[in-house]
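The entries follow in the order in which I made them.

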Amino acid sequence: DESLLVVNKSPDIAVHPGNGHERHTLVNALLHHCKGQLSGIGGVARPGIVHRLDLETSGCLVVAKSDAIHTAISEQFANREVEKIYHAIICGAPSRNQGEIKVAIARHVTHRKRMAATEGGGRSAWTSYEVARRLKASTLVHCRLHTGRTHQIRVHFEHLGYPLVGDSIYGKKQNAKFRELTGYEAPRQMLHAARLAFTHPKTGKVLACEAPWPKDFAEAVEVLS
């Protein structure tokens, strides 16, 4: 509408320019689609971008068309008023069907592009999860993000010993074992932002958006079932 839009981001497009992705990013597409009507709070490189998804993560992403809308939605994220549900395929089989992961996250001590779970310092992070389907040497889980730390779901499940299937940064050892057991080579980290719900700043109504699985995620579940 005139205030915002929500995109179902595909897993092969970067949100904004940088890290070798100068063109063909979501921001480039938004600038064309919205004809410049985007908030400027994120700066020239990130117009309209209220929050981000990793390159390989698919699903719901909200974009603000004005500074006022951007500020209002950002406050909802900061106040933990936004419902964020992710679907993930993880290596292995957790013994529990649901759980809470409350472990702080900080920048990795030696690998500065990575994050790590930490017992001392870092920023508090909270992920709830429930098992949706048990698969071959893997598990489909539904996750609720109560906080929004960088790489939160990926780091939290690696911390539990069940890293995401296809994650090339977190959990290489477990992924190698998974490939050996299943013969399946995931095309990316299997993470999808399935649902995003927040209050529309202008109408005051709750806007709940759901994104269907992209083809590769659906195929992974089918192959591993």
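I took helices (H or I, at least four residues) and strands (E, at least two) as DSSP runs, numbered from the N terminus. The model is predicted, so I kept local features at pLDDT of at least 70 and side-chain atom pairs at pLDDT 80 or more, while totals for chains, interfaces and linings use all residues. Residues are numbered from 1 along each chain as its sequence is written, and side-chain values use heavy atoms, with hydrogens and water left out.

Entry on the pocket. I worked on a 1 Å grid over the protein atoms alone, where a pocket is an open set of points with protein on both sides within 12 Å along at least five of seven lines, a cavity is a set where a 1.4 Å probe fits but cannot get out, and lining residues have an atom within 4 Å of a point. Volume here is the space filled by probe spheres set on the points, which are joined across faces, edges and corners. The largest pocket holds about 770 Å³, and I found 29 residues in its lining, with His-51, Arg-52, Gly-148, Arg-149 and Thr-150 nearest its centre. At least two lining residues come from each of α2 (67-78), β3 (83-91), β5 (104-107) and α3 (152-160), and α3 gives the largest share, three residues.

Entry on the cavity. I counted one cavity of 30 Å³ or more, and the largest cavity has a volume of about 40 Å³. Its lining consists of His-51, Cys-60, Lys-84, Ile-85, Tyr-86, Ala-193, Arg-195 and Leu-196, with β3 and β9 as the elements that give two or more residues.

Entry on α4. Calling a residue buried under 20% relative accessible area, exposed over 50% and partly exposed in between (1.4 Å probe, protein chains only), I found Asn-175, Phe-178 and Thr-182 buried in helix α4 (172-182). These residues lie on the same side of α4 because they cover an arc of only 55 degrees around the axis, taken from the directions from the helix axis to the C-beta atoms. The face turned away from that buried side carries exposed Lys-172, Lys-173, Lys-177 and Glu-180. With contact meaning heavy atoms within 4.5 Å, I noted β3, β8 (138-145) and α5 (215-224) among what covers the buried residues of α4. Gly-183, with a positive phi near 75 degrees, follows α4.

Entry on Tyr-86. Leaving aside neighbours within four places in sequence, I listed the contacts of Tyr-86, including Leu-53, Val-141, Cys-143, Ile-153 and Ala-193.
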